[in-house]
Amino acid sequence: MEADKIKDSIKRAAQDLFRKFGYHKTSVNEIAKKAKIAKATIYKYFDSKEDVLHSLLMDYIKLSVDDLIHSNTPEMDEEAHLNVLIMKTCRLSYTVCNEFIGWDFIRESANSQAFLKNLSNELEEMLVSVFSQLTDLRRQENYLQRLRFLIKCSKSIVFSFAFTSVSDSDVRKNFVSFQKEILPYLVKAAITI
């Protein structure tokens, strides 16, 4: 049980520092100091700072996906439901990048982009599982393929405008544009036979 407390302490310290300074500007020494442990203790539980970030993000994403599963949405058709879920997923992806990693580091570092791609693929797997549980479209043979198409397109579009936007207001404008002008067509393509 003590090990769980130490890991949680490390993750809480890292989360605070990542949000305040960004992933790139936070050192393992600072995480250890904030968690009130020795630097070597961090390496006892995590292989690297990236591993701490991954664990932290997976906890956050799993909690958010659980919220998606259990959120009470009024009765809506499958198209509207998928629209809502994809937008929540896009906001989740943006929050992960904005609050935990930092856009400057993501834009400048090939390592962070590879890390983000792996994380995004894990999120995709979770979402396909969740979406297939939430809809009646499972009965269609190629539903999961079309669902993957929808998620891949959505995340590619969201990441492309997040990477190329200059300011947060640009990102917000692009989210609105994506939601109103692109997403309805992607969802319709995914659910139409």
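Which residues does Ser55 touch, not counting residues up to four places away in sequence? I looked this up and found Lys11 and Phe46, where a contact means heavy atoms within 4.5 Å.

Notes on the source. I am working with a predicted model, in which local features need pLDDT of at least 70, side-chain atom pairs count only at pLDDT 80 or more, and totals for chains, interfaces and linings use all residues. Residues are numbered from 1 along each chain as its sequence is written, and side-chain values use heavy atoms, with hydrogens and water left out.

Ser55. I placed Ser55 in helix 4, residues 49-70.

Whole chain. I counted nine helices and zero strands (DSSP runs numbered from the N terminus: H or I of at least four residues for helices, E of at least two for strands). Of the 193 residues, 45% are buried. Among contacts with a separation of 6 or more, 69% join residues 24 or more positions apart.

Core. I then looked at the largest nonpolar core, which has 52 residues (buried Ala, Val, Leu, Ile, Met, Phe, Trp, Tyr and Cys joined through side-chain atoms within 4.5 Å). Ile10, Ile31, Ile61, Leu150, Phe175 and Phe178 touch the most other members. Helices that each supply at least two residues of this core include helix 1 (2-21), helix 4 and helix 9 (168-191).

Leu150. Leaving out residues up to four places away in sequence, I listed Leu82, Ile86, Leu183, Leu186, Val187 and Ala190 as touched by Leu150.

Definitions and conventions
Buried < 20%, exposed > 50% of the residue type's maximum accessible area, 1.4 Å probe, protein only.
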